[in-house]
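Hi everyone, thanks for making time this morning. I'd like to walk you through one structure, so please have a look at it while I talk.

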Amino acid sequence: MDIQKLQRLVIDALEDVKAQDIKIFNTTHITGLFDRVVIASGSSNRQTRAIASSVADAAREHKIPIIAYEGDDTGEWVLIDLGDIVVHCMQPMVRQYYNLEEIWGGKPVRAKLLPQSTLPSVPESYDFDND
């Protein structure tokens, strides 16, 4: 499956379960291991697991091998590696703390998203150094 179709499959699976703040980044200039990083947030551990499960189910339906599926036990940060695309489903606080957008965000990919999928999920500011 070409990268555009795989990217659309991932986005649709994320949007089906109301993922928030979906961001897609082109990583071909950074690494040869994968072409895209997709980051999405869920409002609870249960939703984060559901978001990841939706992506994994869509991949299985289209016979796309899942190379890695990690973090489902806690649901705070679930990673799905589909080879060309790595998907990070994260709780807002975890996403804010690790700030993957800073690492992978050099080249955002324009994609058609539902309006509710672009809403920021970052909670009120939290100072991680004072905790």
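This is a predicted model: local features need pLDDT of at least 70, side-chain atom pairs count only at pLDDT 80 or more; totals for chains, interfaces and linings use all residues.

**A buried aspartate and its partners**

Arg95 and Asp21 are both buried.

Arg95 also forms a salt bridge with Glu101, and here the closest N and O atoms are 2.6 Å apart. Glu101 is buried, as is Arg95. Through shared partners, these salt bridges join Asp21, Lys23, Arg95 and Glu101 into one network. For the whole structure, the search finds six salt bridges.

Now let's step back to the fold. The chain has four helices and five strands, and along the sequence they follow the pattern α-β-β-α-β-β-β-α-α. What order do the strands take in the sheet? The order is β1-β2-β5-β4-β3, in an open sheet of five strands with mixed pairing. At the edges are β1, residues 20-26, and β3, residues 68-70, each pairing on one side only. From one strand to the next, the twist averages 10 degrees.

As a quick reminder, strands of a sheet pair through backbone hydrogen bonds, either parallel or antiparallel. For β3 and β4, the latter being residues 77-81, the pairing is antiparallel, over three bridges. If you want a spot to look at, Tyr69 stands opposite Ile80 in β4.

Then there are the helices that go with the sheet. Helix α1, residues 3-16, packs on the sheet and touches β1, β2 (36-41) and β5 (85-90). The direction of α1 makes about 15 degrees with that of β5. Helix α2, residues 45-61, lies across β2, β3, β4 and β5, and runs at about 160 degrees to β5.

On to the aromatics: the structure holds three aromatic pairs. In one of them, Phe34 and Trp104 are edge-to-face, 5.3 Å centre to centre and with 65 degrees between the planes. Phe34 lies in the loop between β1 and β2, and Trp104 in helix α4, residues 100-104, so this pair ties together parts that are 70 residues apart in sequence. Are these two buried or exposed? Both Phe34 and Trp104 are buried.

Another edge-to-face pair is Tyr97 with Tyr98, at 4.9 Å centre to centre and 85 degrees between the planes. Here Tyr97, at 48% relative accessibility, counts as partly exposed, and so does Tyr98 at 43%. Together with Trp77, Tyr97 and Tyr98 form one aromatic cluster.

Last, some totals for the chain. Of its 131 residues, 44% are buried. Among contacts between residues at least 6 apart in sequence, 63% join residues at least 24 apart. The accessible surface comes to about 7,400 Å², and carbon and sulfur atoms account for 50% of that.

That's my tour, and I'm happy to take questions.

Terms used: Residues are numbered from 1 along each chain as its sequence is written. Side-chain values use heavy atoms; hydrogens and water are left out. Helices (H or I, at least four residues) and strands (E, at least two) are DSSP runs, numbered from the N terminus. Buried means under 20% relative accessible area, exposed over 50%, partly exposed in between (1.4 Å probe, protein chains only). Contact means heavy atoms within 4.5 Å. Accessible areas come from the Shrake-Rupley method with a 1.4 Å probe; for residues, only the protein chains shown count as cover. Two strands pair if DSSP finds at least two bridges between them. Axes are lines fitted to C-alpha atoms, for helices over the stretch in contact, and angles run from 0 to 180 degrees between N-to-C directions. A salt bridge is a side-chain nitrogen of Lys or Arg within 4 Å of a carboxyl oxygen of Asp or Glu. Rings of Phe, Tyr and Trp (its six-membered ring) pair if their centres lie within 6.5 Å; planes under 30 degrees apart count as stacked, over 60 as edge-to-face and the rest as tilted.
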